[in-house]
Structure formats: C-alpha cells, structure tokens
Amino acid sequence: MKSLLSILVLLTFFSSKANAQNSLEGIWEGGITVPGGQLKIIFKIDKEGDSYSGTLDIPQQGAKGLRLDPITQSENSVSLSFNAGQITGTFTGNFDSETTISGDYSQGGPSTPFSVQRTSETTKEPEKPANETDLIIQNGDIKIGGTLTLPSGDFKAPLLIFSSGSGAQDRNSEAFGFKIFSIIAQSLSEKGIPSFRYDDRGVGKSTGNFGKATLDDLASDVEAIIFHFKKSEKNNFRDFTVLGHSQGGVVAGKVAAENKDVIQLILMGSTAPSLSEILRYQVEFAYEPTPVDKSLIEKEIDAREELMKAIAFENDITAAKAGYNQAYTDILNALPEAQRNSIPDIDAMVKTQTNQLEQVYSSPQTKSLLFYVPTEDLEKVGIPTLVLFGGKDTQVTISQNQAKIRKALEKSGANYQIKVFDDANHLFQKANTGLASEYVFLDKKFVDGFLNQLSSWIIAN
C-alpha cells in the first residue's frame, strides 16, 4: 500500500523583496532535498480577483490535489497553509525571479533546501471528454466531488464505483502522472460499462478531512453514491459494481458485505490482513539491509505493535511509549560506529520517532484500520468477485494476501476469480523491481491484458 503521508503540511513563503510584479499564479514544480535524493513537490495555484486558491501534489508520496488554504500575498511575501492530519511543516523562501522561488523547508527540526520553478502560467486542465459529467453528491455535511463516465451506446453492466488506495487521492487516483481510474473509466466506457470515480475527502471538490475519516466514514461515502444514483432521475442505476484498489479494497469489501445493491466486487491489489499486520511486514522489509542483530529488530517491531494496541484501545499509552523508546534506542546504539556517530542526538531522534508514530497511529482513520480484518467481510459477500494481483507488487504481496483472500471467498460461496499479472507492480504497470521508488520512471499505462481482463469479467458476470 502506498505509504501514509509523513511530510509537508503548513507551508509558509515570505520574502523581504518588494517587487509587486511577482505572482504565485500557475504551476510550480521543484523539490525538497531529502536523504537519497529529491522529494518532488507541485503547487497548482489560481487567482480570482485579489484571492488565491490552490492545491499541492507530492507525487512520490502518492498525494494529489491537497488543498492549500489560506493563500495570501503581500508584495513578494506569500503564505500558503496546508493541513493533513496532525503533521505540520513550514517552508520559508523568497522569489529569486518572477519564475523561481527558493528557500528552506523545516518540519519542527533541521531545515533542508527547497526550490520551485513556474512551469506553466495556468492550471487549466485539457477539455473534459464528452462522455464525462462532473457531479457533487451529498453525504450529510460532506460534499463528494466526482466524475460520471458513460458509454456512448447501450449499457452492458452495472455502474462501477471506484474506491482509491491509502492516502488522500483525487478522483483519478493519479500517481506520478499515471491517472489510474481515469484510464480505466474510459476503457470501460468503450466496452459499454458506466463508472463513477470521486475525490477523497479534503481533495479536489470533496470536502471534509481524509485523515480524520474512519473506515465507517469512507464506506458511508460509497453508500451515499449508491443512494444518489438509485434515486437519480437523469442517471438512474439499480445495481452496482465496486472496485477497490489497495486500501480501497477494504472499503469496497465492507460495502459489498453490507449493501445488497452491490452485485459485483473487484479487488485490485487489495489487502487481506489487518493494517497492523501489514505494517509489521513493511517494517521487517525495511529493516532487512540494516546491520543490526535480528533480535533487536524483533523487539523494536514488537514494541511498535504494543504502541499501536495502546493507542487503538486507549490503554496505558505512556508505558507503551516508554517501551518503544527503549527498543528504538537499542537499535540506534547497535548501529555500526560510523552510522551511530552520524546521529547528533540519539535521545532526540528517539523522542521524535516515538512522537511521530503516536501521531500516525492516533489519527481516526489509522485507528479504525489497525486491527480491522478485511477477510471477515469477504466471508460474507457471496457475489461474483474478481481479485487482481501484481506479481512484482512489493506493497500488497501475493504471499501475504492471496491465500487468505481465497480462503475467505471459498467460505462465502462466492463465484470468484484470482488473476495474477506476473510483471505488474502495485499500480499494475509493467515493472522492473516492483519497488515504489521506480513508479515515477515507468510508462503511464497498464500491463498488457489488464484492461481487457476487467471489462470482459464485468460483462461476463
């Protein structure tokens, strides 16, 4: 699964220069210098009258269309604020010219260089295809912005609703320029299959706060979409297919198990175990190259899980934090001398790490997922289900997920099919290693046979 946001939230620009000609309007692209390279950042900023509005993309984090609000400018001093959960950061810089801004980024600790360059004076998107209509659907106080894509001829299948993976995603589930859901939607429409995709809460045209939305909240958004189309006079549907990618498969499975209007389920690189189990696997994988005794690594991972449990069940968090502090301290002290000496203050690093984990695990969404087991929903679905895996997926691996999903679907009695695309990564692109670090360099298209597998299965079932 794509990693949770761990950087960039309150962004502040200011400059002592006084050149009123400089403007923030347009698309700005650049990067923050991080260990091992650059973290790409894209600002898309519009101006109406004297006011700015805009969004932030962090492609390597899989984040797209995160709202910047407020945005203010006084001569060459500008301020942009962004909120995602409980993590904050600050960018400080100045206009080097009308088209470049540079400075330093900090997140409550040491700063790191940052620069952006204006690559376009407008943020306008290409014209929307004629078969697409943008809608706003209400879910209580929440507005869900999405796009309905319709075939030009007869409809051959139910309305398919997309549910995106972890992290706040736009309606296209765009990652590194690869518009996953948009490409699928147009491909399906050519085969007579209608679809609806939507922005996650707090992204694009959707309101609310994604980080504060629980699993129940995310499922209720899909339920609200289903209700809307059942009652719509113009675009009325009675039956639905739900497609969930990655963590979106958890949402899709929950809705399919509880809503009888869902007659097909598609799990695309979706997970079987709880989030806590997935995180354990991911941390073990990350520690593999670390030259530290494996027993110390196991103790650190066990201490993480104790911290998760303490936060999720609100039980003696202070003791769990102390236990994790000690386990992580032992890891750092066991590093080779050169690595250990490169850490200015081990105690400070341990404290920062523990506090960051507490923040992440304490978010309402993470708490709701930590010990939620998706296969318990799959045991109840009883409807045709298509399960898709990438053979080179390093985020949702076949070894950790396929057998458990198969067992759950057999118990449900569902008519199911499992298909593995051997060369595909988590985004179902043709991959080399399957690692997330190569996503940005891959062709923005699906592995051969993927789109045809989707449409043919939907029509046949």
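1. Glu300 has 0% relative accessibility and therefore counts as buried. The model is a predicted one. Glu300 sits in helix 5 (residues 294–312). Leaving aside residues up to four places away in sequence, Glu300 touches Val283, Tyr287, Tyr324, Ala327, Tyr328, Ile331 and Gln353.

2. The count of salt bridges comes to 19. One of them joins the side chains of Asp57 and Lys44, at 3.5 Å from N to O. Asp57 is in strand 4 (residues 51–58) and Lys44 in strand 3 (residues 37–48), 13 residues apart. Asp57 is buried at 4% relative accessibility, and Lys44 is buried at 18%.

3. Asp216 pairs with Lys254 in a salt bridge, with 3.2 Å between the closest N and O atoms. This pair links helix 2 (residues 215–231), which holds Asp216, to helix 3 (residues 248–258), which holds Lys254, across 38 residues. Lys254 is buried, at 8% relative accessibility.

4. Glu379 and Lys411 form a salt bridge, their closest N and O atoms being 3.6 Å apart. Glu379 lies in the loop between helix 10 (375–378) and strand 19 (385–390) and Lys411 in helix 11 (residues 398–412), so the pair ties together parts 32 residues apart in sequence. Glu379 is partly exposed at 30%, whereas Lys411 is exposed at 60%.

5. A network of salt bridges links Arg280, Glu284, Glu298, Asp302 and Glu305.

6. Helix 1 (residues 180–190) packs against helix 12 (residues 450–460) at about 50°, with the axes 10 Å apart; that angle makes helix 1 oblique to helix 12. Ile183, Ile184, Ser187 and Leu188 of helix 1 meet Phe450, Leu451, Leu454, Ser455 and Ile458 of helix 12. Of these contact residues, seven are nonpolar, two polar and none charged.

Note on methods: Residues numbered from 1 in each chain as written. Predicted model: local features only at pLDDT ≥ 70, side-chain atom pairs only at ≥ 80, totals over all residues. Heavy atoms only, no water. Axes fitted to C-alpha atoms, helices over the stretch in contact; angles between N-to-C directions. Helix = DSSP H or I, 4+ residues; strand = E, 2+ residues; numbered from the N terminus. Parallel < 35°, antiparallel > 145°, perpendicular 65-115°, else oblique. Contact = heavy atoms within 4.5 Å. Nonpolar A, V, L, I, M, F, W, Y, C, P; charged D, E, K, R; others polar. Buried < 20%, exposed > 50% of the residue type's maximum accessible area, 1.4 Å probe, protein only. Salt bridge = Lys/Arg side-chain N within 4 Å of Asp/Glu carboxyl O.
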